[in-house]
Every structure is written in structure tokens, then in C-alpha cells.
Amino acid sequence: ALHHASDFHALPRVSPKSQTGHLLVGPRYSILSDAHRNAARAGALPRTRLLLSMGGADPHRLTPRLAPLVRQAIEEALNRGGITGCDVVLGPAFVDPEGEEAARLRAAGWRVHSAIAAETMAQLMRRARLALIGFGTSLTELAYHRTPFLTVTHHDHDRAPARDLETEGIGRVLGTARDLDPDRVRRRIRAALEDDAWLQESAAHAFERIDGGAGSRRIFEALENEAPRSSPGLPARSKAPPPLSP
């Protein structure tokens, strides 16, 4: 997956007898759900919104801490960084039994989405000019939608992979959940919003890293090339289905 792209270089070399294990390593083999693949077919939309999502549980309750910093950064940015509205996603495991946190966010001007379907998340991602996201599988989905992102790592072991991506020009790191610096977070959000070149280039680099997002097609092609033409007791291989669209 994109958020562990650098792990590929640390893996041991595979046996020459079977190259498939090696071939299927890396972000170009990331699998995207139909919810995202189908959403992208609808064409480009204006990018005027900001998306904040810290995962299904947001275990460190980052959303309430980040939301006001985001609003401040937008107010400080030149021309508000091109942002006309903000979406925040509270995952299905986010603890807010009385809905008080959601109410506070709405009062501050956020459009709040709770426990949404994958199709809805895909639409929010593809409409966003910039996403603030927890460091995880959502990075691959954002890459597919060509949406640049700023990340917060939930765990210390994700610090290095996050920095590696930033070094490649993919995303920028706001910090780790347990030691976020509010001033640094606000400055980095503002800087990203004001940097049109970086927004476009970072999104393009991420899309290139997943090689267009056709991972499932590449997996089937690799397995097909590895498999024998026929095996005892099994029918001969039928004509291959047409390739999936990227």
C-alpha cells in the first residue's frame, strides 16, 4: 500500500523459482474497491473543499484538536487557499454517544458526516482540494483521486514511512498524534493551501506511485502468467476476460 511503500526496499529477495511474490510487492499492486474506481469515472469536479478524516475510530481524538487549527489556517491563507467549505468524517467507532462533538463541529461551520458508506467517502475525497488524513489505507484512495494530503500518524512506527513519502514529494507530515505542535500544524496547513504547484505535483507523484490504481488487474495478470497452461484434473484455461479499465 502507498503508506508502506518504502517497506518494499527492505524486503528480502525471493527465490528465482517463483517470482510472483516479488512481482506483487509495492503500491502499484494496491487494490481499490469499486466504490472508488466507479466514482473516478464520473469526471473531474471543482476542487474547493477541504476534507478532515482521522479514521474509523480516531483513537487519539485528533478531530476535535485539528478542526479549529484547520479553520484558522484557512482564514490566514491567501484567498482562503481556494477553500469554500469543509467536510469532516467521524468514523463508525468514533466515541460521541450524545452527538455533542458533531454539534460543536457543525456550529464551527463544518459539514459533518458520520459512519458513511464507501461510495460517499469516495465522493468527498474526489471533491477535496486538500485532505487531512490519518496515516493509513486512505492514502492510496486519495492518490487514485489525485487529491493531495497532509498526514497525522497514529503510531510511532509510522513516523519513518510518513517521512519517506514526504521526501518523495508525496504528502506532508503534520506530526504524530501524541506530540502534535498546534502552531506547526496550522502553518503547514496554510503553506499547503497557498502552494498550488505543490498541490498538483504531490497528487501527481502519488498517482504515479500507485501506477494508475489498476492493482487488481496486475495481480490477475501476474498470477495468470505464473500459472501453467493446464493441470491434471483441471479444465484448460479459458479465454482471459477483458482487462479492467485503469
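The protein chain has 10 helices and six strands as its secondary structure. The model is a predicted one. Of the 246 residues in the protein chain, 44% are buried. When contacts between residues at least 6 apart in sequence are taken, 69% of them join residues at least 24 apart.

The description starts with the sheet. Strands of a sheet pair through backbone hydrogen bonds, either parallel or antiparallel. Here the six strands form an open sheet with parallel pairing, in the order β3-β2-β1-β4-β5-β6. Its edges are β3 (111-114) and β6 (172-176), each of which pairs on one side only. On average, and with direction ignored, neighbouring strands of this sheet are turned by 15 degrees against each other.

Helix α7 (residues 159-167) lies across both β5 and β6. The direction of α7 is at about 160 degrees to β6.

Another helix to consider with the sheet is α5 (residues 118-127). The buried residues of α5 are M121, A122, L124, M125 and R126. What do these buried residues of α5 pack against? Their partners include four strands of the sheet, namely β1, β2, β3 and β4 (128-134). The helices α2 (34-40) and α6 (138-144) are also packed against by the buried residues of α5.

Next come the contacts between helices. Two packed helices are described by the angle between their axes and the distance between the axes. For α3 and α8 (residues 182-194), the angle is about 45 degrees and the axes are 8 Å apart. The two helices α3 and α8 are therefore oblique to each other. The crossing in which α3 passes α8 is right-handed. On the α3 side the contact is made by L66, L69, V70, Q72, A73, I74 and E76. These meet P182, V185, R186, I189, R190, L193 and E194 of α8. By class, the residues of the contact between α3 and α8 are nine nonpolar, one polar and four charged.

Helix α8 also packs with α9 (residues 196-209), at an angle of about 85 degrees and with axes 5 Å apart. How are α8 and α9 oriented to each other? They are roughly perpendicular, because angles of 65 to 115 degrees count as such. In this contact A192, L193 and E194 of α8 meet D196, W198 and L199 of α9. Four nonpolar and two charged residues make up the contact of α8 with α9, with no polar ones. L193 and E194 are listed in the contact of α8 with α3, and both are listed in its contact with α9.

Two loop residues, on either side of α3, remain to be described. R61 lies in the loop between β1 (49-53) and α3 (63-76). Its phi is near 50 degrees, which is a positive value in a residue other than glycine. With a relative accessible area of 32%, R61 is partly exposed. R80 is placed in the loop between α3 and β2 (85-90). The phi of R80 is near 55 degrees, again a positive value in a residue other than glycine. R80 counts as partly exposed, at 31% relative accessibility.

How values were computed
Residues numbered from 1 in each chain as written. Predicted model: local features only at pLDDT ≥ 70, side-chain atom pairs only at ≥ 80, totals over all residues. Heavy atoms only, no water. Buried < 20%, exposed > 50% of the residue type's maximum accessible area, 1.4 Å probe, protein only. Pairing = 2+ DSSP bridges. Axes fitted to C-alpha atoms, helices over the stretch in contact; angles between N-to-C directions. Contact = heavy atoms within 4.5 Å. Parallel < 35°, antiparallel > 145°, perpendicular 65-115°, else oblique. Left-handed = near helix turned anticlockwise from the far one by under 90°. Nonpolar A, V, L, I, M, F, W, Y, C, P; charged D, E, K, R; others polar.
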